Amino acid sequence: MSDPTELYKQAIVEHSKHPRNKGPLPEATAEATTINPLCGDKVTVRAVVEDGQLVTLRFEGRGCAIAMASASMMTELLEGESIEHALTSADRLEAVVAGEQDGPDDPDHPIARLRGVRAFPARRRCATLAWETLRQAVSPSD
Amino acid sequence: MALDVHALRAEFPSLAREELAYLDNASTTHKPRAVLDAVRDAYEHRCANVHRGVHTLSQAATEAYEGARDRVQRFIGAERREEVILTSGTTAALNLVAQSYGRMRLSPGDRVLVSEMEHHSNLVPWQLVAQATGARVDKLPVTDEGELDMDALDRALESGPAIVAVTHVSNSLGTINDVAEVARRAHAANAVVVVDGAQAVAHRPVDVQALGCDFYAFSAHKMYGPTGVGVLYGRMDLLEAMPPWQGGGDMILSVSFDGTTFNALPYKFEAGTPNIAGVIGLGAAVDWLDRVGLEAAATHEAALARAAEEALSTLPGLRIVGTARDKAPVVSFVLDDIHPHDVGTLLDGRGVAVRTGHHCTQPVMDRFDIAATTRVSFAVYNTAHEVERLVDGVKHVQETFA
Ligand SMILES: Cc1ncc(COP(=O)(O)O)c(C=O)c1O
């Protein structure tokens, strides 16, 4: 079994203890909530979208450190970016966590920092939860 | 007589990996060689269907299969072997009671009283049958210590529930319920008592007649036996009155398009080819537990659980959930600001296997206003050294988050 301690120390603990962009967003124009049925973890992602840009991005929720840290890193990475870029990033994060691609070379890039979760299959969904939720929030509904 | 844990442990091939401290026994236990051998022997030397063949091999399979039923009958103190229905597990056994007895007994407006600490498998089947019959499911509350609220039981019994469903031992809190007393009071109010024994049978001698319950369900895999096998004990008169649940082979006497006559007990409730090798493995597990001795096992496990509770309680920010007076070797806890799943992953990194989550008992998690716990559960082969590794591991988790 691989030791998750390094993953926690390098990526997870700091963001989970000091989450960025966590809180309500009453003026949100896009919003979604996802529950991980395995553990009941819950993440809500809200955004103010203007001209296809995520002008403001916030999250709220309760859950494990991996889910909360991933949400925090996601909002930090994607606030101010285009929806198109956000959707590409979500795909990329999911592929990296699934072990299908290696992702960014820059070790400080959030997606690279979450790469280590792939060693813990039972926890992969925790890392992808916020990104899935963002995708739902900004995808055009039918 | 004290147990020789190291000798016992050597009987478990899957525990040979020294680095693994397996403390998730309430989910499923490891299997001793005697059980593995019995399952293998069933396929190697008695591979035939049961109750169907005149040939020698089928006779041998049938004898072994029915021999396991006799062992189970004795193991739980059932009066008759016909009262022992072999199922695929606790879940199937409880669904059988709900779908057969429940549908027969319940009418619109009737009540089923279900404790707040039930595993989802002793709650959801009642919700399903309530939906189908127009009955309603009432909650029997749990106290702050994680015990059944016996005053609330008396009050609830005044409204005359038809069925009372309680667990013998809570899988998430460890509470051992006084089911004999529950049964006494429930019977005085003419309710039928369904007991989930999944977490009890590996840890204490169970005598269904002394408990006085009407139904008792458990799984082989939580008592050192194979997965996919379980038992429903039911009182003879109730089982006789009940309609079959599933139809198929073995459960019939004769079939025609004009109608079908059902087989006698216990076969009426055993449709289809059963898990023959698994049932034989269950018989071997009963023999193995007899040899180890449940009293000695309980003493050993209680000492480990006490040591774990004492050491864990001294850690800052740690709270034990479930502080009943009478507990099985289950210790559930929460840590301030650290989610159980993170505890579980970090402990796993150090070779300590625990269960984290709601343990299929969401109502009792809500009762304690938590989403999840970290649960440590002991079996007869666990050691004091493993308790130390657990406690060191939890300290390591706290340091990682410091
Ligand atoms: C108290 C309790 N009831 C029922 C069950 C369900 O048992 P099984 O999954 O073997 O049917 C379990 C185990 O998960 C349990 O702990």
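In the predicted model, the side chain of His358(B) comes to 3.0 Å from the backbone nitrogen of Cys360(B). His358(B) belongs to the loop of chain B that runs between β14 (355–357) and α13 (362–367). The relative accessible area of His358(B) is 12%, and the residue is therefore classed as buried, the cut-off being under 20%. When neighbours within four places in sequence are set aside, the contacts of His358(B) involve both chains: Pro37(A) and Leu38(A) from chain A, and His120(B), Met365(B), Ala371(B) and Ala372(B) from chain B.

The interface between the two chains was examined next. The size of an interface is often given as the accessible area lost when the parts come together. For chain B and chain A the buried area is about 1500 Å², and carbon and sulfur atoms give 62% of this area. Of the area that chain B buries against chain A, 31% is supplied by His341(B), Thr345(B) and Phe401(B), more than by any other three residues. In terms of residues, 16 from chain B are in contact with 21 from chain A.

Polar interactions across the interface were also counted. Eight residue pairs are in polar contact between chain B and chain A, with both residues at pLDDT 80 or more. One salt bridge is found across the interface; the side chains of Asp342(B) and Arg123(A) form a salt bridge with an N to O distance of 3.0 Å. On the side of chain B that touches chain A, the elements giving two or more residues are α12 (340–348) and α14 (384–400). Helix α12(B) provides the largest share, five residues. By class, this side of chain B consists of four nonpolar, eight polar and four charged residues.

For Thr91(B), a polar side-chain atom is 2.6 Å from an oxygen atom of the ligand. For Gln199(B), an N or O atom of the side chain is 2.6 Å from an oxygen atom of the ligand. In the case of Asp196(B), the ligand atom is a nitrogen, located 2.5 Å from a polar side-chain atom of the residue.

Key
Residues are numbered from 1 along each chain as its sequence is written. Chains are lettered from A and ligands numbered from 1 in the order in which they are written. This is a predicted model: local features need pLDDT of at least 70, side-chain atom pairs count only at pLDDT 80 or more; totals for chains, interfaces and linings use all residues. Side-chain values use heavy atoms; hydrogens and water are left out. Helices (H or I, at least four residues) and strands (E, at least two) are DSSP runs, numbered from the N terminus. Buried means under 20% relative accessible area, exposed over 50%, partly exposed in between (1.4 Å probe, protein chains only). A polar contact is a pair of N or O atoms within 3.5 Å; within protein, one must be able to donate a hydrogen and the other to accept it, and residues adjacent in sequence count only if both atoms are side-chain atoms. Contact means heavy atoms within 4.5 Å. Buried area is the accessible area (1.4 Å probe) that two parts lose on being put together, summed over both. A salt bridge is a side-chain nitrogen of Lys or Arg within 4 Å of a carboxyl oxygen of Asp or Glu. Ala, Val, Leu, Ile, Met, Phe, Trp, Tyr, Cys and Pro count as nonpolar, Asp, Glu, Lys and Arg as charged, and the others, Gly among them, as polar.
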